[in-house]
Amino acid sequence: MRAARLIRMALLVQSNPGLTAAALARALDVSERTVIRDAQALQEAGIPVRSERGRTGGYHLAPGYRTRLTTLHPTEAETLFLSGLPSALRDLGLSDAADTARLKLTATLLPSVRAAAESSVRRFHLDAPAWFREPSAPELLPELARAVWSDRIVELSYARPGRDGSPASEVSRVVEPYGLVLKAGTWYAVARLHDRSGDTAGSGDRPGGGWRTYRVDRVTALVPAPGSGGQEAFVRDADFDLAAHWEARSHEFARALLRTTVTVRLTSWGLGRLPAVVDGAAVEDALASASAPDADGLVTLALPTESEDVAHDQLARLGADVEVLAPASLRARFRERAGALAALYRPEPKEAASQETPGEGPGEASGAEGQR
């Protein structure tokens, strides 16, 4: 632990000459006294760290000296590709490795190039999680990430969601974890079912096998493959492209969910808002079926959706700018909803006039009603 801190301190001083003890203490999350002791330890190890007083003082390396600690460890190099995703690095347990990698990289750059790199960091940031949700890292994500890095076969158990309200069921699979994907704040594992016979054919040739995608937060257990002692590795398919695989499978998955079709009539505003409330694959198919605007500017189209329940929730956001034409059951639900809203927001009844006409005594009515 201390050795790693000493390396970080040497790199910090080399990358940013003049850092004070207080600044180094904040960067290393230690006390200033520890910084002073670490500087002495570096000097004893042959690294000429010196402290200077004054306005331009702070810690420096001897003129012309550069550390040879800038060779990147493989894990540190891998994390550089994720350096724009701080939340992903934190979830994967790689924050410290990424920090060290960035320090090593910074220490090797010329001052002009270093300034350009720091400038980009200050100007661009990727925030992956979606709005209005509290992101949380699945407990087993770091261990699963280690299996992905090392191409290690594992047995994972996960809670498979039940259908039609039935409870989830526990399922176990022996898999070859190929990659991890962060989608809108949710982690997914892309894996191939492992064939114990050793067959390395493509996924379509594996009996009962093939590619699978698992939500990591539904993984309940992760253990080494049976009989492997935790060391069995798989031979990664050199042609596998995680990004291309995810794009193709996620598109297939989105379309596979669209099992119901509803016919709707939309205003121009409702048509423009449709992509904001409906899945992209559904919008693409719906627009392909759209009619030409009628005399009132209304467009009729067939909208694919998961179910009537999903269609009801999505289309309700468009208010009076959408009319459901079919199926009749969904149209009836909107009619019932419209009636309930109309009753809820009906005009307030006017208060009855309580003023009495001058000259009339208590209890006397006026006008024709009182003359009967």
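This is a predicted model: local features need pLDDT of at least 70, side-chain atom pairs count only at pLDDT 80 or more; totals for chains, interfaces and linings use all residues.
In soluble globular proteins, nonpolar side chains tend to be buried together. Here the largest nonpolar core holds 21 residues, and the members that touch the most others are Val264, Leu274, Leu303 and Leu315. Seven elements each give at least two residues to this core: the strands β8 (260-266), β9 (299-305) and β10 (322-326), together with the helices α10 (268-277), α11 (280-288), α12 (308-315) and α13 (328-344). Of these, α11 makes the largest contribution, with four residues. A separate, second core is made up of 20 residues, among them Leu92, Ala145, Val148 and Val171.

Thr305, for its part, is found in strand β9. With a relative accessible area of 2%, Thr305 counts as buried because this value is under 20%. Beyond the neighbours within four places in sequence, the contacts of Thr305 include Leu257, Leu258, Arg259, Thr260 and Val262. Val310, Ala311 and Gln314 are also in contact with Thr305.

Attention now turns to strand β4 (residues 169-183), where Val175 lies. The relative accessible area of Val175 is 0%, so this residue is buried. In sequence, 18 residues separate Val175 from Leu193, yet their C-alpha atoms are 4.4 Å apart in space.

The aromatic residues complete the picture. A pair of aromatic rings is described by the distance of the centres and the angle of the planes. Across the whole structure, six aromatic pairs are found. One of them joins Tyr188 and Trp246 in a tilted arrangement, with 5.4 Å from centre to centre and 45 degrees between the planes. This pair bridges distant parts of the chain, since Tyr188 belongs to strand β5 (residues 186-193) and Trp246 to helix α9 (residues 242-256), 58 residues apart. Both Tyr188 and Trp246 are buried. Elsewhere, ring pairs connect Tyr178, Trp211, Phe234 and Phe240 into a cluster.

Note on methods:
Residues are numbered from 1 along each chain as its sequence is written. Side-chain values use heavy atoms; hydrogens and water are left out. Rings of Phe, Tyr and Trp (its six-membered ring) pair if their centres lie within 6.5 Å; planes under 30 degrees apart count as stacked, over 60 as edge-to-face and the rest as tilted. Buried means under 20% relative accessible area, exposed over 50%, partly exposed in between (1.4 Å probe, protein chains only). A nonpolar core is a set of buried Ala, Val, Leu, Ile, Met, Phe, Trp, Tyr and Cys residues joined through side-chain atoms within 4.5 Å. Contact means heavy atoms within 4.5 Å.
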